[in-house]
Amino acid sequence: MTRPPYAVDPSDRDAPRRDHGGRTSALHWVAFTPSTTRRTAVSVGIIIVLFMVAFWAFHALSSFLFLLLLAWLLSIGMEPMVLLLTGRGVKRSLASGLTMLLLLLVLIGIGALFGQLLLAQVDALSKALPGTISSGLDWVNSTFKTKIDVASVERSMDLTPARIATFATSYGGGLIGVFGSVVTALFDGLTILVFAYYLSADSITLRQTIGRFLPPRHQPMLMTVWTISVEKTGGFVTSKVVLAAISAVAHGAFFWVIGVPFWLPLGIVAGVVGQFIPTIGTYVGVLLPCLFAATSKPVTVLYIIVFATIYQQIENYVLTPRISRRTMDIHPAVALAAVFIGAALFGPVGAIIGIPVTAAVLSIVETFHHRYELHPELAALDDDITERPQADDEVAAPAPTDAVDS
């Protein structure tokens with residue numbers, strides 16, 4: 001059999017090689033000697049050891065890194081107010097301190113007004129939840145003629161007051177300090193506040209320090225990435241917090257007016273869930289209030305659904321365009337995936353911070369990624385679908401013509 005023109009005798013190391021396109025290139029042979037084999041084995045071993053050390057360090061510092069992530073999100077959430085003060089001649093360190101002091105005063109004021117009521121309602125809510133779920137399942141069985149075993153559902157969900165208290169302790173102890181250790185809560189909160197202050201006040205110094213480790217040609221990229229991630233993500237976080245606060249106040253006040261039990265914590269849940277779970281968050285947030293309303297006054301369930309629908313329209317067309325007009329937008333599918341991934345990695349708090357972290361990453365990618373022009377067939381897809389009334393295999397009937405006598 002004749003050898004193809006681009007084939008080369010393997011024994012000839014210096015022979016040129018011709019590929020399918022007719023281009024000629026030299027062959028490169030790789031030989032492993034005992035010395036190179038030892039060096040390769042040592043290099044691979046060092047890489048594996050370094051990887052294992054890095055993995056151990058990350059696992060050991062995971063809680064601190066998570067607090068540092070929360071501090072970074074708090075610092076970029078403070079950035080719009082800090083920029084407003086620095087624009088009026090206030091030093092950045094003082095502007096960061098005043099912004100954090102204002103934030104603490106607001107939190108202390110809210111805690112003084114509603115803290116005792118909130119704790120009492122949360123405690124009563126945790127005790128009443130198992131019985132409410134049982135009553136709801138009984139109502140479903142009697143109304144829709146189903147045969148759901150209430151006892152088996154309770155056993156599978158393990159919804160007992162002790163279990164709920166344990167769940168709240170494990171997930172809320174280091175963050176809100178309600179059910180957990182007071183010392184741990186104070187330490188975690190102080191850590192977040194201190195690092196958030198320094199990340200905000202020393203932002204310029206931190207950028208200069210990082211820039212000294214980069215070549216001059218890469219330093220403008222650092223400035224662009226930092227500015228975009230802080231400005232866009234900071235505005236996004238601020239807008240979401242403001243919208244969540246407005247939604248929580250509106251839902252809580254409405255629940256109080258119509259007599260829904262535990263209206264304060266349920267209003268907060270509805271407001272936060274409605275903002276940080278896209279598209280369906282408003283309706284997911286009112287599921288628990290509807291459950292409690294159904295056991296006391298079933299007609300209030302209809303009131304809650306109507307109010308949630310009306311409020312979502314007001315938020316979409318009135319509040320969101322005015323509050324979030326300068327922030328970036330995230331596709332609902334991407335935002336929902338960020339919530340699920342954040343919840344899988346860090347629990348309930350991860351579900352809240354998943355979208356802001358995704359917003360920071362997307363803002364950077366959106367700035368530096370290269371976009372290509374669409375092929376004419378791709379660009380015309382919309383017009384082709386909307387303007388073409390017939391399918392491709394249909395042939396239009398010929399226009400009638402006058403007969404000609406031969």
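**Close-up views of a predicted model**

View 1. Setting aside neighbours within four places in sequence, Val-269 contacts Gly-274 and Gly-285. Val-269 belongs to helix H9. Its relative accessible area is 36%, so Val-269 counts as partly exposed. Pro-289 is 20 residues away from Val-269 in sequence. In space, the C-alpha atoms of Val-269 and Pro-289 are 9.3 Å apart.

**View 2. Helices H11 and H12 cross.** Helix H11 covers residues 287–296, and helix H12 covers residues 299–323. Their axes come within 7 Å. The crossing angle is roughly 155°. That angle is over 145°, the cut-off for roughly antiparallel, so H11 runs roughly antiparallel to H12. The crossing of H11 and H12 is right-handed.

**View 3. Residues at the H11 and H12 contact.** On the H11 side are Pro-289, Cys-290, Ala-293 and Ala-294. They meet Thr-300, Val-301, Ile-304 and Ile-305 of H12. By class, this contact of H11 with H12 has seven nonpolar residues and one polar residue. Charged residues are absent from it. Pro-289 also figures in View 1, at 9.3 Å from Val-269, C-alpha to C-alpha.

**View 4. Phe-262 in the loop between H8 and H9.** The loop that holds Phe-262 lies between helix H8 (219–258) and helix H9 (263–276). Phe-262 is not a glycine, yet its phi is positive, at about 55°. Is Phe-262 buried or exposed? Its relative accessible area is 17%. Buried means under 20%, so Phe-262 is buried.

**View 5. The largest nonpolar core.** This core has 20 residues. Phe-254, Phe-255, Val-260, Leu-266, Phe-292 and Ile-304 touch the most other members. Which elements give two or more residues to this core? They are helix H3 (92–144), H8, H9, H11 and H12. H12 gives the most, with five residues. In soluble globular proteins, nonpolar side chains tend to be buried together.

**View 6. Phe-254 and its contacts.** Not counting residues up to four places away in sequence, Phe-254 touches Tyr-303, Ile-304 and Phe-307. Ile-304 is also one of the H12 residues that meet H11. Both Phe-254 and Ile-304 are among the core residues that touch the most other members.

Notes. Residues are numbered from 1 along each chain as its sequence is written. This is a predicted model: local features need pLDDT of at least 70, side-chain atom pairs count only at pLDDT 80 or more; totals for chains, interfaces and linings use all residues. Side-chain values use heavy atoms; hydrogens and water are left out. Axes are lines fitted to C-alpha atoms, for helices over the stretch in contact, and angles run from 0 to 180 degrees between N-to-C directions. Helices (H or I, at least four residues) and strands (E, at least two) are DSSP runs, numbered from the N terminus. Angles under 35 degrees count as roughly parallel, over 145 as roughly antiparallel, 65 to 115 as roughly perpendicular and the rest as oblique. A crossing is left-handed if the near helix is turned anticlockwise from the far one by less than a right angle, and right-handed if clockwise. Contact means heavy atoms within 4.5 Å. Ala, Val, Leu, Ile, Met, Phe, Trp, Tyr, Cys and Pro count as nonpolar, Asp, Glu, Lys and Arg as charged, and the others, Gly among them, as polar. Buried means under 20% relative accessible area, exposed over 50%, partly exposed in between (1.4 Å probe, protein chains only). A nonpolar core is a set of buried Ala, Val, Leu, Ile, Met, Phe, Trp, Tyr and Cys residues joined through side-chain atoms within 4.5 Å.
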